[in-house]
Structure formats: C-alpha cells, structure tokens
Amino acid sequence: MNSASQDNDILKDSVYLILAQQRELLPLIPAAAVKLLKLINDDNADVRDLTTVIETEPALATEILKTVNSAMYRFPQEITSLPQAITLLGFSCIHNLALKLLFYNTLIKDQSSKRFDLLFFWQHCLFVASLSAKLAEKMNYPDPEILYTAGLIHDIGKLVLENYGIINYSNFIGNYAQDTPSLLKSELDFYGVTHEQVGYVFCRDWQLPEIITAVAAYHNSDEIADNLSVKYKKEIAIVGFANYLAWLHGIGSFVSNTPPHLPATVLEIIPLQEIDLEDLLEHVDRDMQQTAQFYGIVFPGLNQLRANLVHTSIALSQTNSTMHLPVEQKRPEDPINFLNNLTIPHQSLNPEIFIPRTLQAIGETFGLDRVLMLNMTAKQRSLMATYFWPESESAEHFEIKLEHMVGDLVTCLRTQQADLISGRFNKNTKLLTQLGVDEFIAIPVLRNNRITGLLYADNIRSKNHIPTQILPKITPIANELGSALHNAKQFEEEKSKAKRDPLTGLSNKRMLIDYLETIFQEETKNLSQIAVGFLDIDYFKVLNDNCGHQAGDVALQIVADILREITRSGDFVGRYGGEEFLFVLRNSGQSGAYQYAERLRQKIEAKGIALRHRFRNQALTVSIGIVMYHPKYKNYQELVDAADKAMYQAKKGGRNRVVILNN
C-alpha cells in the first residue's frame, strides 16, 4: 500500500470516528422535496420544472451523480453534468429517489432551534453554483455545467457533519469564534478534521467525478499539495472565488461576521481584470430570484445584498487598513459615523439626493473645506464639477481641462488610485495655481474598474494641510458611491424597460394610459388638435395559425418599426395589446391625421408584399380608426373607445383602410 493510500485510509477513519452512524442518504431542503414530489405526481408537470429542481438541489444532485456513475449502469465514460445524468436516468429513477429522500426527511430532527439553517445553506450553494458556471463560461472553460455541479456540492461535508456527526455542525457554529482568522482551523480544532476533508472522503466513497471531489476537498484551501489539487487547480480556483464572493455578499453557508477567506491561488488563476464582475453578479441575482419564485420562498434582494457587502467591506477595511501600515501609523478605531458615510450612497436611488449627502458627509467627517464630484464631459475633454459641497460654494464652473491634466493627476487617473496632489513636484504647480490651492485630494469613482467620475476635495479657505492618512478612509466611500451610481443607472434602465413592450420596443399600454391621462389634465383649448388612432393587424390570428407565432412576432415588429419611422417626435405611439397599436397625434387637424394614417397603412401593406414569401402569401395589412378630441369625451377611455369603434368600422368596411369617426 503506497503512502497516499495509507493517508487516505487514516483520513477516512478519522472522519467516520466523529459520525454517529453511516447512512447513504443526504438531507434535502424540505421545500424542494415537496415541490419535486408535486411535480412528479402531476401529470401536467413540465419536464423543465423537474430539471430545475434537480439542478438546484445539492443533495439530490449528489445522489444522481453517485447513481449514474455506479457499477449498476456501467457507462463507458464518467458522467459529470446534471443534464446528461438526468437524461440517462429518466423519470422513473428520479421518482424513486424523491420518495427515498422524502422518507428520510421524516426522520431528521426539527431544525428550528439549530444554528445551521438548511435554507440559508441551500441559498449559498445555489449562489456558488450559478457564479461558478458563469465565471467558467467567461473564462472559456470547456464544460461550465460541471462547475455548476461542483459549486452546488462544494460544501457537502458540512451537511454530513450536521446530519451524521456525533456533535453536529450547529454545535460547532455555536462554539465558532467570530474573530478566528480561519474557518478550517476552527473546524480542525473542534472535530479533528475539516468539512473539506469530510467532503473529500464521502465524494470518494460515492465514486463521484474527480473534479467534484477535488473542489469539495480544496475550495477553501491555500495549499495545492497533491496530484488531485494540481490536476484541477483551475476548477478549484473558480469555485473558490465564487465561494469567496458569496461570503462577501453575506451569503455564506451560515451567518458570520468574520471576513471571508480568499485562497491565495485564486488570484494567480482568475483573470480579474478581464472579467466583468457586474455582469456575473447580475446573472447570479437573476438566477437566484427565478429560483426563489419557483419555490415560493424569499431570498435577499439587491438592497439586502448591497447592505451585506457594505458590512463585509467595513470588516475588511478595519482589518486590512491597519495590517499594512507601519507601527507608527496604526490608528485607533474609525470614527463612529464611518458606517453612516459608507451607507449614505445607498440610501436613495436618486443621484440628486445621495451624491450631495455623500459629499457633505465626507467634508464634515474629515474637516475639508469643499468636496466636489467631477464628471468627464463630452468626448472626455475635461473634468467638470456636477455636484459640490457646501452648496454655497461657487463651483458651478469648476473645470479641469484636458491640457491641464498633468503630473500626479494623470497618474491618479491612469492607475485608478487615490492621491494627494501637492506642490512637492514641479509638474503639479501649474494645475495647483490654476485651481488656487496648495494641494487637493483626487479619488477615482469606479464602476466595473472604469472611471465614471472623480472625487475632488481641498482646503481652499483654511489652507490646512490634508493628511494622507484619510485617503484609505475616503476610498471605500468613493467605491460605494460608484456602486450607488451604477445601481441608480440600472434602476432607471429597469424603469425604462417597464415602460416598454419587450417585443416591439414601443411604449406599452400602461405608458399609453399615463400619457393620455396627462393630456386630459391640460386645458380644453389645448386639446382641439389632438387625434387618437387605433390600429389593428388584419387576420392576425390566421397569420399566426398558418405561419407560426414567429411570423406573427415579425409582423408586429414590422408595424412597430413603421410607426416609429413616420411618427413625429412630439407624438406618441405604443402597443396597446395583442395585435393592437395606438397613436396620439398633437397639433394635427383631421386632414393631417388622415394623411398620417393613410401613409402608415400604405407602408405596412407595401412591406407585407415585399415579405409575402415570409407570410406564405398572406397579405399584411391593417385597419385604422381615428377620432379627433371633442369636449363630449370626459376622459381618455371614452376617446380610446371612440377610436376603437372607428377601427371596427374599417374592419366591417373591408379591412385595409382608414376610417375617421365623425363627432
């Protein structure tokens, strides 16, 4: 027996020594088990729903991979992805697994009083799995699905300890010191083994794929020590990084205030500068929320995750800011309002509110005369103040032109590092003279590692020297400000999406109604030149039935494109629903409205003729009804109903025509 084999046997003995008994099954989150059984027993269940349960459940995923790779099936090659395993095992096997797992759930003790929250743990596994797969995809890894599976099962050792340990994992968490620098060290002291070692032993016993075994054994370790860890170094790094980000967002496998651990090897393998972290996290958030909706449970939303990240950042900054300073520069605890400064950018989604508040907090906390937010102007020819504190400060025309960006300021922008720009170098003198100060702070505001603005601060009145020690304190606030600006932009984009029909890109019915309601709030004398038109695609159901829904979507997009093309900027068009569109023309008499509608009808008909082959020789035409505003219409709905009535007259008159309703 070789040395490696002996070591494995010793480790296996150590693991089984701390277990109350040996069982083959692992616990399943009750909500998932119930959902799974409902799907299996429902004759109308969608196969995709069943797949979702399997792909998002660590214990069931483990059982499936264990079973499909067992001697019973004798597949010629190792099965490493869940979709492949599901296809090979089939419905019957999944049904049997679900029954066994449900039976097991009746045996486990009440979890309500335990510190190891299975739902929270499950959420952590989903986060790591989703992020691992997306990160693998960004790194052009050949099989992202296997890393989804590995991420899902990476912490399986904790489940084993919780359910089979003589002393369960809940007890360990209760004794876990939050100031301990290493979770693995604490586990080793408590159990004599770590959850990674437990996961390694059980993955080997179940004959799971080597990749999954390697990830379970080394995802939180700094050492790359043996053949297994060296062989799957990249896979371990990907899941290890995803695990770190999960803890950083406050979604660890249990609640902890300890700063997360980032294995040293991760930064050697993951190309952080080339990866869009925002895109990764947005993907994971969508994944998590879809899963939450599927199971009917609540996961933390973006605001809660952001708050978690702030708290973790504080813990990290308090640890790291003193760790790397010389002894004489180590400082007492940060001011009591430091937490408030960090969270101010996230107290609103309106930049007009949170940016001035943030500038004020920085200025008052650190005793600065003025604090400005500078943004790049068109074509980045200059930096110009867009927000300033105090408000009485005459900084409206504060500007640093491109030709004056020299010396340390250029270095600050290029390296994206905070700096105190002073007269210690002659190359800074011209800029300082232009600004009328002896020195100033420049801190880049970043989003996705790109500069979106610059925090500027000086003591233009007091002439007090600015200590460099405050730079590490203001930098995290600038980072949170960058994050808040991104969130505000994303919020505006989501609001815009909510106003748009996803297929055509036109305004949706809600926006049309809001617009018409606004119109009816105007004075009557301003409404006389308003026309409302109702457009309906002729024989749309026949087109869908004969040519398919894809062709129907194309027809809707054609109509939308032509509406956009010929409509003036002051007018309003949108999709009212189904194959119906609405347009509102301002400053248009009856003759002008008719000409607009007739031009619209002709263009759609001509486009349909050009694409007749696409619609199997069915014509693409529309019927349009128009009504001019009249005081007899007391609200927008009466006006819309009148236009709808005119459109039906066009239908009855033979279709492919325009009808104006006489008031």
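Is R370 buried or exposed? R370 counts as buried, at 5% relative accessibility (buried means under 20% relative accessible area, exposed over 50%, partly exposed in between, with a 1.4 Å probe and protein chains only).

This is a predicted model, in which local features need pLDDT of at least 70, side-chain atom pairs count only at pLDDT 80 or more, and totals for chains, interfaces and linings use all residues. Residues are numbered from 1 along each chain as its sequence is written, and side-chain values use heavy atoms, leaving out hydrogens and water.

**View 1. D458 and R370 meet in a salt bridge.** Their side chains come to 2.8 Å, N to O (a salt bridge is a side-chain nitrogen of Lys or Arg within 4 Å of a carboxyl oxygen of Asp or Glu). The pair links distant parts of the chain, 88 residues apart: D458 sits in strand 6 (residues 450-458) and R370 in strand 1 (residues 370-376). Helices (H or I, at least four residues) and strands (E, at least two) are DSSP runs, numbered from the N terminus. D458 is buried too, at 0% relative accessibility.

**View 2. D408 forms a salt bridge with R424.** Here the closest N and O atoms are 3.4 Å apart. D408 lies in helix 20 (residues 408-415) and R424 in the loop between strand 4 (419-422) and helix 21 (429-435), so the pair ties together parts 16 residues apart in sequence. D408 is buried, while R424 is partly exposed. Look for D419 and K427 as well, linked with this pair in a network of salt bridges.

**View 3. K134 pairs with E137 in a salt bridge.** Both residues lie in helix 6 (residues 118-138), about one turn of the helix apart.
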